[in-house]
Amino acid sequence: MHVLRGGRVADVDGTRAADVAIADGEVVAVGDPAAVDAAVVGDAAIGGDDVATDAAEPTETDVSGRVIAPGLIDAHVHLMMDGRPDVATATADSDYTASYHAARNLRAAAEAGVTAVRDLGARGTLAIDASEAVADGVLVGPRVVACGRNVIMTGGHGNWFGREADGPAEVRKAAREQLKAGADVLKCMATGGVLTEGAVTGAPELTPAELAAFTDAAAPTDTPTAAHAHGEGGIKNAVEAGITSVEHGTFMDREAAEMMAERGTYWVPTASALHGIVENGIDAGIPADAVAKAEDAAERFEEAWEHALDADVPIAMGTDAGTPFNYFGDIPAELSLMVEYGLSPTDALEAATVNAADLLGLDDVGRVAEGHRADLVVLDADPNADAGAWRDPDAVFLGGERVV
Ligand SMILES: [Zn+2]
């Protein structure tokens, strides 16, 4: 039993004074000191008197003046990527090297207060295996939800690591291969992208019939699906196929936003990805082709936010961490970017906690609440008032284990 004493708690339900008691990886009590003490005493009693347990001697940490928040959830990362300027050079890395990037990225994310991530594209079973390694305690890091390999058209965006498939039957088979390998979510490319040379950013890739086969393959097991989509045509194709989330959505128009709001399709904007490319540019070694596409996309992205906010599209936080200059240790900066695009700090917190948890299918995280996993971050400022509160966390707990 561990009690965080004297601070405030901040989640989407607001910010209030409360102590928090943690035991066996879970939050067992949240509230005023008397209520938390009662829970501590109750737990000690259950421990019995002839067995010496931790419960009998709760440890306490004084967090007065500080704020306990739920850990952040990033719905779009690439664990195998290291933020290098030219991703094309990563093809020369061995699978082992790519795995070491994943280990380092997981540690960096945890230290930044990120307690769950969704990997949306890796080589082979790298991210699926990382999920197991974290669960088994082999690696320190956030919980990992993984898609395995991306399902893409031949020659499509990300073809150096995607599973190329053409026609509904082959797309269905490619999707089922990921499920067989242990994927928790399926990811496909509905349009071209910024970081594949020659791919036109907004042009549709998988066809409506292929997208329908893709979501149909996921349906029997209720597996969520994600589509990389920049152009409005590809976004609409994906939404019509019943995709669970649209990734990037850079050129979203009013009609696409209304379709998404009506169907409850999540938008994962990944503002950090565009910023990483536009802010650093050609001088930093990013290929000119990618910089030009990102600059064009950045202007349209502002309009996408206006449409999404007008239509009330549900938003889940995602960064595309691993892309150029988009580091796992900087994941919390996405909340500040979302606020720049028009969300309130509480809306950004909602996107990065309860909404992302819902999208990832995690029902035991997202709030500081009794019975939830003790994925907690101790901050100097209130994230309901300041989206920048995540800089330099005082403490991070992953399933009750303190890692910072
Ligand atoms: Zn991505």
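At what angle do the axes of helix α7 and helix α9 cross? They cross at roughly 40° and come within 9 Å of each other. This is a predicted model. Its zinc ion has three named protein donors: H76, H78 and D320. The structure holds 0 disulfides.

**Zinc site**
- H76 and H78 each give their NE2 atom to the zinc ion, while D320 gives OD.
- These donors lie 2.1 to 2.2 Å from the zinc ion.
- Along the sequence the donor residues follow the spacing H-x1-H-x241-D.
- H76 has a relative accessibility of 1%, so H76 counts as buried, the cut-off being under 20%.
- H78 is buried as well, with a relative accessible area of 6%.

**Cysteines**
- A disulfide is a covalent bond between the sulfur atoms of two cysteines.
- The count of disulfides here is 0.
- C147 is in no disulfide, and the nearest cysteine sulfur, that of C188, is 9.9 Å away.
- C188 is likewise in no disulfide, with the sulfur of C147 as its nearest cysteine sulfur, at 9.9 Å.
- The pair is not counted as a disulfide because the sulfur atoms would have to be within 2.5 Å.
- C147 is buried, at a relative accessible area of 0%.
- C188 is also buried, with a relative accessibility of 0%.

**Positive phi angles**
- Most residues other than glycine have a negative phi.
- D24 has a positive phi, near 50°.
- D24 sits in the loop between β4 (19–23) and β5 (26–31).
- The relative accessible area of D24 is 85%, so D24 is exposed, the cut-off being over 50%.
- H248 has a positive phi too, near 80°.
- H248 belongs to strand β15, which covers residues 245–248.
- H248 is buried, at 5% relative accessibility.

**Around H248**

**Helices α7 and α9**
- Helix α7 spans residues 254–263, and helix α9 spans residues 288–311.
- The angle is roughly 40°, so the two helices are oblique to each other.
- The crossing of α7 past α9 is right-handed.
- On the α7 side, the residues that meet α9 are R254, A257, E258 and A261.
- On the α9 side, H307, A308, D310 and A311 meet α7.

**Around G322**
- G322 lies in the loop between α9 and α10 (333–340).
- G322 is buried, with a relative accessible area of 2%.
- G322 and A369 are 47 residues apart along the chain, and their C-alpha atoms are separated by 31 Å.

Notes
Residues numbered from 1 in each chain as written. Predicted model: local features only at pLDDT ≥ 70, side-chain atom pairs only at ≥ 80, totals over all residues. Heavy atoms only, no water. Donors = N, O, S within 2.8 Å, 3.2 Å for Na, K, Ca; no water. Buried < 20%, exposed > 50% of the residue type's maximum accessible area, 1.4 Å probe, protein only. Helix = DSSP H or I, 4+ residues; strand = E, 2+ residues; numbered from the N terminus. Axes fitted to C-alpha atoms, helices over the stretch in contact; angles between N-to-C directions. Parallel < 35°, antiparallel > 145°, perpendicular 65-115°, else oblique. Left-handed = near helix turned anticlockwise from the far one by under 90°. Contact = heavy atoms within 4.5 Å.
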